[in-house]
Amino acid sequence: MKSVTTIIIGAGQAGLAASKQLSDRGIDHIVLERGSIGNSWKTERWDSLRLLTPNWQSRLPGYFYDGPEPDGYMNMSEVVSYLESYSRVIDAPIQDNTNVISVERRFERYIVKTTRGTWASSTLVLANGACSLASIPKFADAVPQSIRQMSPLEYKNPDQLESGGVLIVGASATGVQLAREIQQSGRQVTLSVGEHIRVPRTYRGKDIKWWMDVLGLLDIMYHEVEDLNRVRKLSSLQLAGTQDCMFDLNSLSDCGVEITGRLAAMRGEHAIFSGSLANVCSLADLKMNRLLESIDQCVEANAGTEVTIPPRTFEPTRVPEAPALNIDFGDRKIKTVIWATGFKPDYSWLHLPVFDRKGNIRHEGGIVDAPGLYVLGLPFLRKRKSTLIDGAGDDAGFVASHLASSLRKAAA
Amino acid sequence: MTNVEMKSPQADNGVNVEALLGARAALEATPEAAQFKWRTKTSWINGTHSQTTIGGFFGLGEEQERGKEFTVDADHPEQFAAANMGATPVELVLSGLASCLTAGVASVAQNRGIQLNSITATLEGDMDLQGILGVDSDVRNGFETIRVSFQIDADASEEDIKALVAQSQKRSAVFDIITNPTNVFVDVN
């Protein structure tokens with residue numbers, strides 16, 4: 001059994017940032033990676049995906065984008081190259097192609113069994129990603145056998161799909177992006193829409209992520225929010241890494257996508273949708289307008305700034321006069337259902353009593369409820385930006401400091 | 001004016017938000033206490049007239065009494081050759097939706113420090129009688145569409161008032177019951 005002070009599980013942005021922060025503190029560690037660097041980005045994302053954050057925002061500790069397109073959005077192979085190049089700069093001690101089979105705690109040490117040997121460490125950082133598994137609602141069991149079901153983890157491009165209609169459940173970043181390209185491939189898409197967050201890609205000449213950064217929204221701490229459970233479950237912004245000013249339900253309706261309410265039940269060959277579509281659209285419009293108003297106030301309060309483009313309003317979401325409440329898969333010739341209903345981390349190998357009754361890992365800003373155990377990269381782990389590449393550095397810095405001080409205490 | 005400035009700390013809509021937030025925190029910690037059962041009991045009077053009594057319920061881990069009993073009469077109007085002894089059941093459904101949304105608006109407004117002066121909700125449900133009469137099997141029995149129109153006078157901007165109404169729908173039990181399917185089991189003893 002090999003021994004090390006700290007094991008980091010996962011060599012994505014969180015694991016690499018943690019490695020850098022541990023190296024800076026002289027803490028000996030190893031990064032275990034099931035595949036190769038940025039594995040989830042490389043193997044579990046669709047072909048057309050680009051980051052939702054602009055290139056300049058992919059800041060990591062001691063590293064930033066200095067290429068020709070600071071306002072562009074990286075595609076997946078660019079993300080992987082970016083992370084590979086970062087790992088070389090920080091000289092991260094990565095052991096790749098090493099799948100973790102189990103983690104247990106014995107005699108005050110974490111025993112990490114992998115496909116390439118067993119490791120022991122006093123401290124452990126879980127950086128294996130927030131999106132390893134698709135969250136699929138229980139209705140999936142009731143979908144007729146003849147219909148192919150897919151998660152976004154398996155979806156690559158429309159060519160994988162049978163011709164015929166496609167029901168996409170979920171209208172956050174994943175759902176709207178897939179809806180557009182699948183509709184454009186000539187398959188009629190029905191998009192089931194629950195609560196979602198509508199924002200323009202750019203406003204008054206700046207990227208929305210730039211505004212969120214400037215307004216301090218991305219730096220809001222987990223203990224500053226009223227309802228932490230709620231914000232940790234919020235869906236992703238309805239965005240794509242493209243230059244369209246607004247990519248929303250209206251633009252999807254314009255390309256022929258049919259918008260329905262939240263999927264409420266499956267009854268035989270029928271999908272039943274909630275009658276709440278008007279309200280979820282209204283909630284999203286109101287929320288977007290509040291954000292835009294706070295941007296306008298910020299511009300006013302900082303007169304003489306570089307922002308010269310005047311405020312504008314966006315057309316409210318157009319809700320169909322009578323959204324379909326019940327569709328028959330046969331009538332619509334629907335052959336595929338894609339569950340764009342969110343993701344969750346995979347801790348099936350973590351045999352420790354650190355989960356709440358909903359299966360979420362119990363942690364306080366990244367400090368897990370077990371000695372020397374830390375987690376990174378989860379939604380709103382410490383800040384709103386915790387799931388962004390841009391958020392990995394701060395969180396890793398905090399975790400590394402806490403970890404270092406716990407090692408000093410143990411040694412004293 | 002910002003949202004913060006518009007909040008009146010003295011807003012009093014008669015909703016005890018502190019108690020509600022306390023209950024929320026308590027029930028989050030003890031999910032079993034959050035399991036409630038609501039009950040009604042209906043007796044047939046005559047014709048299409050029936051009377052429902054509503055008393056105790058189950059919640060917080062035990063049977064609860066409310067110290068009084070309410071009665072609700074339901075019937076059909078004379079146009080249906082009935083005795084007109086009460087509102088129709090479908091109107092009671094609209095009334096349930098309106099009351100639920102209105103209570104929600106009051107609670108959310110209190111929580112957001114918004115003083116309400118008046119709320120009126122006017123509801124209308126479209127129904128094609130060919131459904132319940134069995135004339136056309138393609139027509140459903142229930143409402144095709146329900147429209148809710150709120151008139152709200154409050155010390156807040158139009159956007160903030162719209163946000164109250166949206167949030168109220170998001171948290172409304174009856175809105176959920178009406179917009180989503182529910183399994184119903186009926187047996188005969």
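Two residues are taken to be in contact if their C-beta atoms, placed from the backbone, lie within 7 Å. The model is predicted, so local features need pLDDT of at least 70 and side-chain atom pairs count only at pLDDT 80 or more, while totals for chains, interfaces and linings use all residues. Residues are numbered from 1 along each chain as its sequence is written, and chains are lettered from A in the order in which they are written.

The contact between the chains takes 11 residues from chain A and 10 residues from chain B. On the side of chain A that touches chain B, β16 (263-267) and α8 (277-301) each supply at least two residues; helices (H or I, at least four residues) and strands (E, at least two) are DSSP runs, numbered from the N terminus. The most comes from α8(A), with five residues. By type, this side of chain A has five nonpolar residues, six polar and no charged. Here Ala, Val, Leu, Ile, Met, Phe, Trp, Tyr, Cys and Pro count as nonpolar, Asp, Glu, Lys and Arg as charged, and the others, Gly among them, as polar.

In chain B, helix α4 (residues 158-170) has several buried residues, among them Ile161(B), Leu164(B) and Val165(B). A residue is buried if 20 or more other C-beta atoms lie within 10 Å of its own, exposed if 12 or fewer, and partly exposed in between. The cover over the buried residues of α4(B) includes α8 of chain A, along with α3 (89-111), β7 (145-154) and α5 (173-179) of chain B.

Chain A as a whole has nine helices and 23 strands. Its radius of gyration, taken over C-alpha atoms, is 22 Å, close to the 22 Å that the globule rule (2.2 Å times the number of residues to the power 0.38) gives for 412 residues, so chain A is as compact as a globular protein of that length. Of the 412 residues in chain A, 44% are buried.

Within chain A, strand β2 (residues 29-32) runs parallel to strand β1 (residues 2-9), joined to it by four bridges; two strands pair if DSSP finds at least two bridges between them. Ile30(A) in β2(A) is the bridge partner of Ile7(A). Between β1(A) and β2(A) the chain passes through helix α1 (residues 13-24), in a right-handed β-α-β crossover: with the strands pointing away from the viewer, the path from the first strand over the helix to the second runs clockwise. Strand β3 (residues 94-95) of chain A is also parallel to β2(A), with two bridges. His29(A) and Val31(A) point one way from β2(A), and Ile30(A) and Leu32(A) the other way; all are buried.
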